[in-house]
Amino acid sequence: MVPDVRTEPAKAGIFSTTHWSVVLAAGQDSRPTRQAAVERLCCTYWYPLYAYVRRLGYDVEDAEDLTQGFFVRLLEKDYLAQVDRQKGRFRSFLLACLRHFVADQRDCARAVKRGGRCTFVPMETQSAEERYRLEPIDEMNAEKIFERRWALTLLEFAEARLRQEYVAGGKSRLYERLKIFRTGAEPTSPPTYAELGSQLNMTESAVRCAAARLRRRFRELVREEVAQTVTHSSEIDEEIRYLIAVISG
């Protein structure tokens, strides 16, 4: 369930470092932020692209080789410098590039060996395949599974940031007890606020307020993650509607 964040105002400063600026930095070798940009790029899109290739029918090893090889090509050939931030979403550009790359490899009848000459963020390909086994088998084509995994990745990033904030504040136990309420959806057989209060040594009212704060902060973080993927703040609500449709569909 995706939290309803369509009416939340965008925070000032969200657009100072968007995925677009990360992408453009990754395309400029002289920038000191290049490595961080590459890491962000790989972490965000590696698994959605891997799932896309797997859904095309490639086996595990070939999907790993093609996905890693694609990032090698993307950076070595400086394709990122060709990104026009005014022409559609970056994920659409990336998927179009991957389609061309896979077609080239098919025509050459060879897989690009993983790793190439570039150094990437270490990716846990075994974990990626374990995640892929949980994907719906018959309901999604390659494009749909790419879009869904992109959307879920944004939510995962938001959730990870939320947990880190609570851990940093010495409230990890509170987070673990209240995280089931973060989306605003009614969980199955949830504990009552009174029961949680007894576990946390808090009043029922205090737990209710803490759950509301956690839910509000999660909405803010989801909105920030979505903001990272668009060019202008005016596009956030449209993108959130799309994200909800992708996950709900």
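Asn201 sits in the loop that links α8 (193-200) to α9, with helices taken as DSSP runs (H or I, at least four residues) numbered from the N terminus. The model is a predicted one, in which local features need pLDDT of at least 70, side-chain atom pairs count only at pLDDT 80 or more, and totals for chains, interfaces and linings use all residues. Residues are numbered from 1 along each chain as its sequence is written, and side-chain values use heavy atoms, with hydrogens and water left out.

Although Asn201 is not a glycine, its phi is positive, at about 60 degrees. For context, most residues other than glycine have a negative phi. Asn201 has a relative accessible area of 73% and is therefore exposed (over 50%; buried is under 20% and partly exposed lies in between, with a 1.4 Å probe and protein chains only).

Arg223, Val226 and Ala227 of α9 meet Ile236, Asp237, Glu239, Ile240 and Leu243 of α10, contact meaning heavy atoms within 4.5 Å.

Another loop, between α3 (60-76) and α4 (90-108), holds Leu80. This residue, Leu80, is buried because its relative accessibility is 2%. Leu80 and Phe90 are ten residues apart in sequence, and their C-alpha atoms are 10.0 Å apart in space.

Definitions and conventions: Helices (H or I, at least four residues) and strands (E, at least two) are DSSP runs, numbered from the N terminus.
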